[in-house]
Amino acid sequence: MNLDWDEFIVTGEPFIHAGQISILLTTLGIIFVLTYFKKWKWLWKEWVTSVDHRKIGIMYIIASVLMLIRAGVDAMMMRTQLAVPEMPFLGEAQHYNEIFTTHGTIMIIFVATPFLIGLMNVATPLQIGARDVAFPFLNNLSFWTFFWGAMLFNISFVIGGAPDAGWSAYMPLASNDLSPGPGQNFYLLGLQITGIGTLATGINFVVTILKMRAKGMTLMRMPMFTWTTLITSLIIIGAFPILTVALAMQTFDRLWDTAFFTLQDGGMPMMWVNLFWLWGHPEVYIVILPAFGIFSEIITTFARKRLFGYTSMVFAIAAISGLSFLVWVHHFFTMGAGPMVNSFFSISTMAIAIPTGVKIFNWLATLHRGRIQFSVPMVWALGFIPNFTIGGVTGVMLAMAAADYQYHNTYFLVSHFHYVLIAGTIFACFAGTIYWWPKMFGLKLNARLGHWMFWLFMIGFNVCFFPQYFLGLDGMPRRIYTYFPEDGWFGLNFISTVGAFMMGIAFVIFVYNIYYSYRYQPRETTGDPWGGRGRTLEWATSSAVPPHYNFAKIPEVKGQDAFWQMKQDGIDPNEIVEYQDIHMPNNTGNPFIMCVFMFIGGFGLVFHWWPIAIIGAIGIFICMIQRSFSRDNGHIVSAEEVRKEEEGIREGQAHENG
Ligand code: HEM
Ligand SMILES: [Cu+2]
């Protein structure tokens, strides 16, 4: 790539300089803090190399929240730009193009997906009574591919320039001719590296759930979140290889002048669109099904009832996952596939509303006559039902192919997908994080601040996105960076921007709550901190934060809602007659190093610097060899050590209570 050195670092804009300086200062600050408090070794030994599912889950969540901040700042900048007609804020269209591209890509790939994978990591092994996932090494590798893939994508902001062809990267817009510069290469390689890890996660959880359930936990006794994890993992295995191939083909087009998706030389731009959405639609179910699982857990816990229609729920999820592969053309009804094709996809899309409706009624029936406690996770779950339904209903409106000619590429669509992605996925990420917070950190987040955050966020969300339906019907196209006073879109846009900032403030309250709770909230001592309402096995561990082997004795499952049943029968799952040796995996630094080489190799490819790309490839290969020849059989935690730890936990509890 002919790139002058003065083009290498992005320059010219006060924003970008401010961003660069803040990145530099933050990095220096982190290095200073770690060095000053002598925490490097701790970071490496306890976290970076950890194969513990709970710690990996926490790292996923932290990284996703950081990415949420980045993409959220993007969102605020766009909403500021659109607040009034002919706004000079972002200067020119190019910046707006870059910002909606990075916002959309980061939100989907580096926030929604990994956030939910983080919660799966925290909860699923505990829910099925396992000591870890099936492949702990692979789990660590998954996390680091996500992390370094995200880093590669994000440095485009300061080095070389950000991608600007939309999160869907349609060809020929994303080709060298129309998107010169390295930005789109960052997109391709950042997503490619991350995608490998996501695929590995899918495989890991399928095997974990099928092979590692506690005795007595038949498939139809699994908690609903575990079910959604399993089915989501199957969708990942079906969908992510498509993305891998499509990204590779576009990478070849851009780096080595192949003609898969070009306009000339027999290429087919529509092939990209098809492949992208063949992955893209299942992807939206990857980020919504776990959300359904989280809300099912929260609703049953705080309504103190079994899930209504458990079996129909399982079948509904399975049906949705099957249908999710049969609807992709609804993203491009207007591209001329013809009435037969459009009709098929129109009907298959509407069919998804049926199992989804089943689920909504199941949740409502679970609430009916429940003894409802309006805890913070529960209010998120209750808020989810009506708000998500608005997103679902407008989805059915969009599914009508003929009518879609009217809505297509307007703010009606923008509003629709934010209603499902925010009221579904993001609500669930917050709700799940708050719900399982005691399992991660041994204390509850403050409830008063939590309620403030919920109301501000929920109202702000509606203020932001509800007006956009009407902007869309009034013809305001998506992806425009400004409009004229004559267009008549000022009022609703302004309201929308106000709502966006309300959500921003709500998020700040969340961050403050983390700090506040860490300082002032009481520590949880029992493993069942939500007023003894816990129903599933994650609440059956001996302490709030489970010991690293999760269960000293693997619980035996007698029915659905296994832990609830034990409490009914007066069984203490931690009553142990005889302690046993426990076999656990060892930590490993190999994946981290391998992924650093992926980052280096990806960086080399972005700039066509082949020697650097080759160094990356060799590094990856050496790490693989090292792993293949290492004989690591894990370690044994002896019965004696387990006894000491468990007795220590009990003593601590007695101390706190007495
Ligand atoms: C804090 C709340 C959010 C606000 C205020 C917001 C705002 C926006 C805006 C203004 C656009 C550009 C619309 C256009 O010009 O076409 C956009 C696009 C988009 N947003 Fe959001 N957003 C938010 C949260 C999210 C979340 C949580 C997700 C996903 C999990 C998401 C996914 C997307 C996607 C995929 C696009 C399309 C990007 C493209 O056109 O390539 N957003 N958002
Ligand atoms: Cu779709």
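Helices here are DSSP runs of H or I with at least four residues, numbered from the N terminus. I am working from a predicted model, in which local features need pLDDT of at least 70, side-chain atom pairs count only at pLDDT 80 or more, and totals for chains, interfaces and linings use all residues. Residues are numbered from 1 along each chain as its sequence is written, and side-chain values use heavy atoms, with hydrogens and water left out.

Entry 1, Glu486. I found Glu486 in the loop between helix 16 (447-473) and helix 17 (490-520). Glu486 has a relative accessible area of 66%, so I note it as exposed (over 50%; 1.4 Å probe, protein chains only).

I looked up residues 339-367, the 29 residues of helix 12. From first C-alpha to last, helix 12 reaches 43 Å, close to the 42 Å expected at 1.5 Å a residue (the expected span is 1.5 Å times one less than the number of residues). Just after helix 12, I noted a positive phi of about 60° at Arg369.

I placed Val376 in helix 13 (residues 376-399). Its relative accessible area is 6%, so Val376 is buried (under 20%). Val376 lies 8.1 Å from Tyr435, C-alpha to C-alpha, although the two are 59 residues apart in sequence.

I located Phe252 in helix 8, which spans 224-256.

Key: Chains lettered and ligands numbered in written order. Helix = DSSP H or I, 4+ residues; strand = E, 2+ residues; numbered from the N terminus.
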